[in-house]
Every structure is written in C-alpha cells, then in structure tokens.
Amino acid sequence: MGAADKWLLPLVSVSFVSLLLFLSALSGFSASSALFARLPPPSYVRRGAAAPPSFAYLLAGGRGDGRKLLRLLLAVYHPRNRYLLHLSADAPASERAELAAAVARAAPAVRAFGNVDVVGRPTAGTPMGSSGLAATLRAAAAMLRLDAEWDWFVTLNAADYPLLTQDDLIHVFSSVPRHLNFIDHTSDIGWKESQRVQPIIVDAGVYLAGRNQFFQATEKRDTPDGFKFFTGSPWVILNRRFVEYCVFGWENLPRTLLMYFTNVMLPLEGYFHSVACNSDFRNFTVNNDLRYVVWDDPPQMEPHSLNVTHYDELVGSGVPFARKFKENEPLLDKIDDKVLRRWRHRPVPGAWCTGRRRWFSDPCSQWSNVNIVRPGPQAEKFRTYMNRILEESKSSNNSCKQ
C-alpha cells in the first residue's frame with residue numbers, strides 16, 4: 001500500500017453492511033425484509049460538462065447525531081451524488097456501525113449505487129481548533145479518490161436540512177458555471193482580529209485520543225501581512241478544481257495558510273475563504289453560502305434554533321439549505337411533508353424513482369434513468385435567488401473585496 005493510500009481515511013462502506021445485518025438477524029435483531037429483496041441494477045450515471053451536475057456531500061456530526069445524520073442523508077440523497085458521513089471521535093464505534101447499518105437498511109438505492117460511505121476512523125470533535133478543518137480536508141481528499149467526476153463539494157452539519165429536493169438543486173445548478181465557489185466571506189474582521197485571528201490555539205484532539213479540549217497560549221501573534229485574512233461562514237459549496245487546489249497544493253499558498261490556520265481558534269471560518277481570495281480563485285467566488293440562518297443582533301456564537309414560526313420565511317427565501325434544527329423539531333416534519341414530499345425513513349422521491357407511492361412501499365426502491373430531473377415549485381424560487389446573487393456578484397464587486 002502506497003503512502004497516498006495509507007493517508008486516505010478508512011471508510012465503512014454501506015455496500016458491505018448487508019453481511020453485518022445478516023449476522024445481526026441471526027443474533028435476534030430485526031432487519032427489513034426489503035434489505036434482502038432483489039434490487040434493480042444501478043442505471044448508468046452520466047457525468048461531464050454535458051450532463052447534469054453532481055455533488056459530493058460531507059455530512060458531519062458528533063456523539064448522539066447518528067439519527068440526525070441518517071435523516072439528513074435521506075433528505076439529500078440522489079444516485080448521481082456522492083456522500084460521506086462523519087461522526088467525530090467522541091461518538092462510540094457502535095453508533096458509527098449502527099449508522100452504516102441503518103443507511104443500508106433504509107435506502108435500497110444506496111446498496112445498488114454504492115455512493116454512500118461512513119468514516120471508520122474519524123477525527124476529534126473539538127469545537128475550537130483544527131479538528132474540524134482536518135476532518136473537512138480529509139473528507140475532500142477521500143471524495144477525490146472515491147469519485148473522479150463530481151462537480152461541487154457541499155459541507156452540511158447534523159443540524160442542517162434542505163429546503164428543496166435534489167431534483168430542484170441539480171436543475172438550478174445545471175445553468176450555473178461549474179467553476180464557481182459559494183463562500184460567505186469578508187475581510188472586515190473587526191473585533192475578530194484580537195479574539196479569533198491573533199490568539200494561538202493548540203487542538204489537543206488532533207494528537208491525544210479521547211480529548212476534545214484546546215489550549216490557548218498566553219501570548220498572541222501579529223495579524224499576518226503575507227496574505228489577506230478573510231473570515232465568514234464555515235459552511236461552503238466548493239467547486240472541484242478549488243478542492244483539488246487545496247488538497248494537492250500545486251502552489252505554496254494552500255500549504256502556507258494551512259500551517260497558519262492550524263493554530264487559529266475557528267479555522268473553518270477562514271481557511272477556504274482566505275485561500276480563495278488570495279489566489280486566482282478570487283474571481284470565481286460568490287459571496288454567499290446558500291444557507292438560511294437566523295442570528296441575534298449582534299450575532300452570538302450560534303444562530304437561533306428554527307421552529308415552525310419560521311416556516312413561511314424559510315420556504316420563501318429561495319435558498320437550498322437552512323440551519324440550525326434540533327432533533328425531532330416539528331418544523332422538519334412540515335418541510336418533509338409540504339416541501340420534500342418525503343415519507344418517514346425514506347429518501348425524497350425524484351424523477352429517478354419509478355415505484356408506486358404507497359404507505360407500505362418505497363417508490364425509490366425501483367428506479368430507471370437517474371440522469372433526468374423533475375423540478376418542483378422550490379426550484380423556481382431557488383433559480384430566482386441564484387440569478388440575483390450571480391448578478392450581484394458580477395456588478396457589485398463584493399467578492400474577495402480587500
């Protein structure tokens with residue numbers, strides 16, 4: 001095994017979970033009879049510039065988030081996409097195995113298309129420090145090795161949820177230039193300079209198993225002048241070429257900034273932003289993260305938890321994702337019912353699903369052409385929103401503004 005192969009994080013592929021479930025059934029655990037039913041073969045997935053775009057999703061969570069990640073996966077699942085689920089090291093191995101088993105049991109298409117993996121050896125879940133950035137970069141590297149032709153890398157958390165179907169998302173992004181990144185960013189760091197940029201942080205979770213603390217040095221360092229510091233939302237949508245630039249580092253900039261951001265308090269709020277805006281990618285970065293979030297004024301560390309009172313504004317916003325949601329929040333059920341048309345424990349039905357929609361059967365247990373989409377009402381709202389932010393990006397020159 002070469003060095004590159006050793007570096008690639010181990011994955012628990014749900015394609016092989018059927019054996020685990022078979023053994024568990026022998027031990028007295030129940031499994032869906034549909035799990036062992038004969039599945040239709042996976043249809044051909046067209047890729048390339050002339051085909052609809054595809055997305056590589058990183059779905060991340062921590063201890064106790066297994067069920068939330070499963071629900072999120074089913075809400076964003078499509079055979080054209082790639083998915084990597086990451087439960088941080090504070091989650092027990094049993095929860096990770098249960099998640100992989102539940103994915104295989106819940107979605108027959110996952111086993112047929114083999115496009116979902118669960119990280120087998122995760123990084124730490126330290127809330128502050130470099131663990132989050134390390135997990136994201138390792139996931140991006142894994143995605144590049146697992147699938148050669150996806151178009152955008154999307155980061156979601158267990159507290160996130162979609163506001164449209166994947167048919168809607170693929171339809172709208174089909175008319176978006178594939179060299180664009182979507183990163184909410186600013187160089188006006190203000191109070192963050194003394195509290196986020198200059199403090200020196202050491203993330204103990206990176207090198208000590210079972211630790212999720214960070215240590216802060218008594219001294220501070222000067223704000224860097226070798227590059228311009230940008231900050232913003234930690235949730236990004238990155239085009240494949242930019243991900244390759246960050247992972248493979250054919251120039252020094254990504255590596256130089258990685259060394260600096262290793263000791264930054266919240267590196268996910270600055271690394272990709274600073275790499276993009278200090279490189280040639282500055283001209284291909286849209287200043288928007290495509291998320292619906294409700295903040296205090298002034299913003300606190302975490303946004304408001306959304307509830308049913310936010311439904312009308314949330315659905316009318318036109319953005320594809322929202323956060324944050326508590327587990328079993330009734331608003332999620334309303335989104336499933338009214339927007340996604342998703343039944344409990346099943347993926348969102350799209351044009352690729354050809355089975356009959358009945359209470360006892362999953363329409364997505366049968367499929368045909370996965371290269372066609374059937375957009376719904378939310379697609380028009382998202383298209384309007386996308387056209388507006390792309391036009392603003394061209395005319396206002398607010399992307400990577402120094």
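## Packing of α7 and α14

How do the axes of helix α7 and helix α14 cross, and within what distance do they come? The model is predicted: local features need pLDDT of at least 70 and side-chain atom pairs pLDDT 80 or more, while totals for chains, interfaces and linings use all residues. Residues are numbered from 1 along each chain as its sequence is written, and side-chain values use heavy atoms, without hydrogens and water.

The axes of α7 (residues 166-173) and α14 (residues 377-395) come within 9 Å and cross at roughly 35 degrees. Axes are lines fitted to C-alpha atoms, for helices over the stretch in contact, with angles from 0 to 180 degrees between N-to-C directions. Helices are DSSP runs (H or I, at least four residues), as are strands (E, at least two), numbered from the N terminus. In contact (heavy atoms within 4.5 Å), Asp168, Leu169, His171, Val172 and Phe173 of α7 meet Gln378, Ala379, Phe382, Arg383 and Met386 of α14.

## Buried elements

Helix α3 (residues 66-76) is largely enclosed by the rest of the structure, because 10 of its 11 residues are buried. Buried denotes under 20% relative accessible area, exposed over 50%, and partly exposed in between (1.4 Å probe, protein chains only). Ala142, in helix α6 (residues 131-146), is buried because its relative accessibility is 0%.

## Backbone features in loops

The peptide bond from Arg323 to Lys324 is cis, with omega near 0 degrees. Lys324 lies in the loop between β15 (321-323) and α13 (330-340). Asn328 is found in the loop between β15 and α13, and has a positive phi near 65 degrees.
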